[in-house]
Structure formats: C-alpha cells, structure tokens
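I opened the file to take notes on a few places in the fold. The entries below follow the order in which I looked things up.

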Amino acid sequence: MKYIALPTNEPRRLSFYLAMEEYVARNLNEPDCFFMWQVEPSVIYGRNQVVENEVNLAYCREHGIQVYHRKSGGGCVYADMDNLMLSMITDGDNVGFTFNRFVTMVQLVLHKMGVEATSTTHNDIMIGDKKVCGTAFYQLPGRSIVHSTMLYDSNMEHMLNAITPGPEKLEKKGIQSVRQRITFLKDHTTLSLDEIKTLIRQTLCDGEVMLTNQQIKDIEQIESLKYNN
C-alpha cells in the first residue's frame, strides 16, 4: 500500500482532505492508497444526517469550530489536532471486504502497541467496552474509500458540546454521557501521537507517492467546488 504524501506540512481545512480522498480515488493509478491527517477543531457529519439535529451550531460558531458534511454514512464526529484521521482508498466495491480489511489493519497496529482491541458489527474498534476508533465508507466507480477517526486525545468540552446526540439517543444506547462510551489511546500506550503515526505508516505502507504542486491545485479545486459549501 502506498502512502500519499503532501509536499508541505502547512495546516489544511478538513474539506481539503475529503477532496484529497476523492482526487486520489479518481486519478491515482495505485490499487491501495493510505494517508493520515489532523485538523483544527472541526465537526464532520454523515451523508444521511441533518446538521441541525446533530451539531450544536451556536456552540461551534462561538468557539470557532468548523462544520463539514461528508459523503460517507455513519455518525457525527468531532476532531482536533489530538485526533488522528486515517484514509484508505482501494480498488473494488465489496463493502464488507473493504471494511474488514481496514479494521483488521488498524487492529494490527494497535496490537503492535500492546493494546488489545476488538471490532464490532458496526465496524467500530473497541478497547474493552469503549470505542477508540470509528469508521465510515463510500464508493466511487470501481473504488472504495474508508476513513476513520482514531481517538488519541481530544478536547472533551468541545466534543461533548459541539455534537448534540440528544437525550433520547443516549437513553436508547443505555449511556449517560459520551465520555462513558469512548476511550483515548493515550491512556493505553506510552507512545506519543507522532510515534503512533510512524508506527502506522511503517506497518501498513511499503512506499510513497508525493503529490505535485499541480495535483494540490487540482485537489483545492475539488475542495472549492464540492466541499466548502
């Protein structure tokens, strides 16, 4: 699997990375691609969700938290620089196979850290009975895109207030707070986030494709047309 690298480390909006996934899927002649990314405080909600029902927009505006809509399904996610976002783009359109492959890859990395992780039927990755990583999926012709949020750490105040699951959803799941159903990877390993990024790349990738400045401009055009509204 090839790691898709950017020529600079300048900070990017979450919408850029969504556009980058689409660009890679449509334009790179590599059967298996992977990259990692981090963003300033952002909320990303799923394809079938209504933003007003899932996001506390007033809180996000007050605290400068950006809000984005993605093409994949799944739930609403808060992300910041202490999260690690993972993207895999691969050939084929077998949803179950692709999900299983991706989840197995993430579990392999966690096991290398000495962290015992399991998966659920919803393709969440768990440490004990708490979620550390969720996944979502969408397809383009002949290509599958899986992305994931790995919770290394996070601003819990923002996470709890930017996303509004509602009391009925919490009651249905038998929980009293979001914090009771998630865990942070920092509590299960002595590795830093940068060390984890290195381990992930060394474990999953066997080469690199560096995007050119023109390809970056092409991604920015997709971002402007499809993801910045």
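In which strand does phenylalanine 137 lie? I found phenylalanine 137 in strand 9. The model is predicted, so I looked up the confidence next.

**Entry: confidence.** The mean pLDDT of the protein chain is 89, and 93% of its residues reach 70 or more. Among the elements, strand 1 has the highest mean pLDDT, at 98. The lowest, 52, belongs to helix 6 (residues 167-172).

**Entry: phenylalanine 137 and strand 9.** I checked how covered this residue is. Phenylalanine 137 has a relative accessibility of 11%, under the 20% cut-off, and therefore counts as buried. Strand 9 as a whole is mostly covered, with eight of its 11 residues buried.

**Entry: partners of strand 9.** I then went through the pairing on each side. Strand 9 (residues 130-140) pairs with strand 10 (residues 143-151) in the antiparallel sense, over eight bridges. Alanine 136 has histidine 147 of strand 10 as its bridge partner, and threonine 135 stands opposite serine 148 in strand 10. Strand 8 and strand 9 also pair in the antiparallel sense, here over three bridges. Isoleucine 125 has cysteine 133 in strand 9 as its bridge partner.

**Entry: turns and positive phi.** The hairpin of strand 8 and strand 9 has two residues between the strands, and glycine 128 takes a positive phi near 65° in this hairpin. The hairpin of strand 9 and strand 10 also has two residues between the strands. In that hairpin, glycine 142 takes a positive phi near 75°. I noted asparagine 123 as well: its phi is positive, about 65°, although asparagine 123 is not a glycine. This asparagine is found in the loop between strand 7 and strand 8 (125-127). At 14% relative accessibility, asparagine 123 counts as buried.

Entry: What is the order of the strands in the open sheet of eight strands? I read the order as 7-8-9-10-6-2-1-11, with mixed pairing. Strand 7 (118-119) and strand 11 (207-210) stand at the edges with a single partner strand each, so one side of each has no neighbour in the sheet. As a reminder to myself, strands of a sheet pair through backbone hydrogen bonds, either parallel or antiparallel.

**Entry: methionine 210.** Methionine 210 is partly exposed, with a relative accessible area of 41%. Its C-alpha is separated by 6.0 Å from that of isoleucine 4, which is 206 residues away along the chain.

**Entry: helix 1.** Helix 1 (residues 14-27) has 14 residues and reaches 20 Å from its first C-alpha to its last, close to the expected 20 Å. Is helix 1 mostly covered or mostly open? I found it mostly covered, with 12 of its 14 residues buried. The buried residues include Phe16, Tyr17, Met20 and Tyr23.

**Entry: second largest pocket.** I put its volume at about 510 Å³. This pocket is lined by 22 residues, of which Thr8, Asn9, Tyr17, Met36 and Lys197 lie nearest its centre. The elements that give two or more residues to the lining are strand 1 (2-5), helix 1, strand 2 (32-37) and helix 7 (193-204). The lining divides into 14 nonpolar, three polar and five charged residues. Tyr17, near the pocket centre, is also one of the buried residues of helix 1.

Conventions: Residues numbered from 1 in each chain as written. Predicted model: local features only at pLDDT ≥ 70, side-chain atom pairs only at ≥ 80, totals over all residues. Heavy atoms only, no water. Helix = DSSP H or I, 4+ residues; strand = E, 2+ residues; numbered from the N terminus. Expected span 1.5 Å × (residues − 1). Buried < 20%, exposed > 50% of the residue type's maximum accessible area, 1.4 Å probe, protein only. 1 Å grid on protein atoms, 1.4 Å probe; cavity = no way out; pocket = protein on both sides within 12 Å on 5 of 7 lines; lining within 4 Å. Points joined across faces, edges and corners; volume = space filled by probe spheres on them. Nonpolar A, V, L, I, M, F, W, Y, C, P; charged D, E, K, R; others polar. pLDDT = per-residue confidence, 0-100. Pairing = 2+ DSSP bridges.
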